[in-house]
Amino acid sequence: MLVADLMQKDVKSIAPDASVRELVTTLADQRVSGLPVVGTSGRVMGVVSATDVLQASSEKDDAVAQARFLEHTMVKEIMTPNAHVIDPGADVLEAAKYMLYTETRRLFVEDQGSLVGVISQTDIAHALGSGRI
């Protein structure tokens with residue numbers, strides 16, 4: 001089975017120059033804990049999570065500093081660069097091994113340099129449990 005057969009195709013992303021406030025709103029609206037950071041070319045530049053926001057904001061001592069952080073800090077300043085990506089034609093078991101060895105919960109799927117999906121450990125476990133793999 002290929003990654004393309006299991007991946008989620010409706011992937012929300014965020015631009016590197018979006019504010020942290022926009023990020024927090026998007027995370028809450030989408031009910032996700034992280035998003036790929038995608039540049040204008042469509043390529044995944046990194047990944048940003050709620051944990052990144054919490055870590056960066058914990059360094060702010062007062063409400064004014066917190067508000068400034070939310071409004072004036074860009075996603076690219078707190079993201080983890082070089083997100084893990086995989087090709088849609090890769091075998092699902094290859095993806096599972098890659099996640100295991102890199103201690104990654106999800107891989108962003110890029111086709112010819114553009115984000116086309118995401119596959120997670122949960123997707124693979126569900127497919128195993130339902131006998132699809």
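In this predicted model, β2 gives the largest share of the lining of the largest pocket, 3 residues. Helices (H or I, at least four residues) and strands (E, at least two) are DSSP runs, numbered from the N terminus. A pocket is an open set of points on a 1 Å grid over the protein atoms alone, where a 1.4 Å probe fits, with protein on both sides within 12 Å along at least five of seven lines; lining residues have an atom within 4 Å of a point. Grid points are joined across faces, edges and corners, and a volume is the space filled by probe spheres set on the points.

Besides β2 (44-49), the elements that give two or more residues to the lining of the largest pocket are β3 (80-81) and β5 (106-111). Nearest the centre of this pocket lie Val-47, Ser-49, Thr-104, Arg-105 and Arg-106.

For the second largest pocket, the largest share of the lining, 3 residues, comes from β1. The residues closest to the centre of the second largest pocket are Gln-8, Val-32, Gly-34, Arg-106 and Val-118. Two or more lining residues each come from β1 (34-38), β5 and β6 (114-120).

| Pocket | Volume | Lining residues |
|---|---|---|
| Largest | about 390 Å³ | 16 residues |

The lining of the largest pocket divides into 5 nonpolar, 7 polar and 4 charged residues; that of the second largest pocket has 6 nonpolar, 5 polar and 4 charged. Here Ala, Val, Leu, Ile, Met, Phe, Trp, Tyr, Cys and Pro count as nonpolar, Asp, Glu, Lys and Arg as charged, and the others, Gly among them, as polar.

Three strands form an open sheet of mixed pairing, in the order β4-β5-β6. Strands pair if DSSP finds at least two bridges between them. At the edges are β4 (85-86) and β6, each pairing on one side only. The strands β4 and β5 run parallel and are joined by 2 bridges, and Val-85 stands opposite Phe-108 in β5. Helix α6 (residues 92-102) packs on the sheet and touches β4, β5 and β6, contact meaning heavy atoms within 4.5 Å.

The protein chain has 7 helices and 6 strands. Of its 133 residues, 38% are buried, that is, under 20% relative accessible area (1.4 Å probe, protein chains only).

Residues are numbered from 1 along each chain as its sequence is written. In this predicted model, local features need pLDDT of at least 70, side-chain atom pairs count only at pLDDT 80 or more, and totals for chains, interfaces and linings use all residues, while side-chain values use heavy atoms, with hydrogens and water left out.

Technical notes. Axes are lines fitted to C-alpha atoms, for helices over the stretch in contact, and angles run from 0 to 180 degrees between N-to-C directions. Buried means under 20% relative accessible area, exposed over 50%, partly exposed in between (1.4 Å probe, protein chains only).
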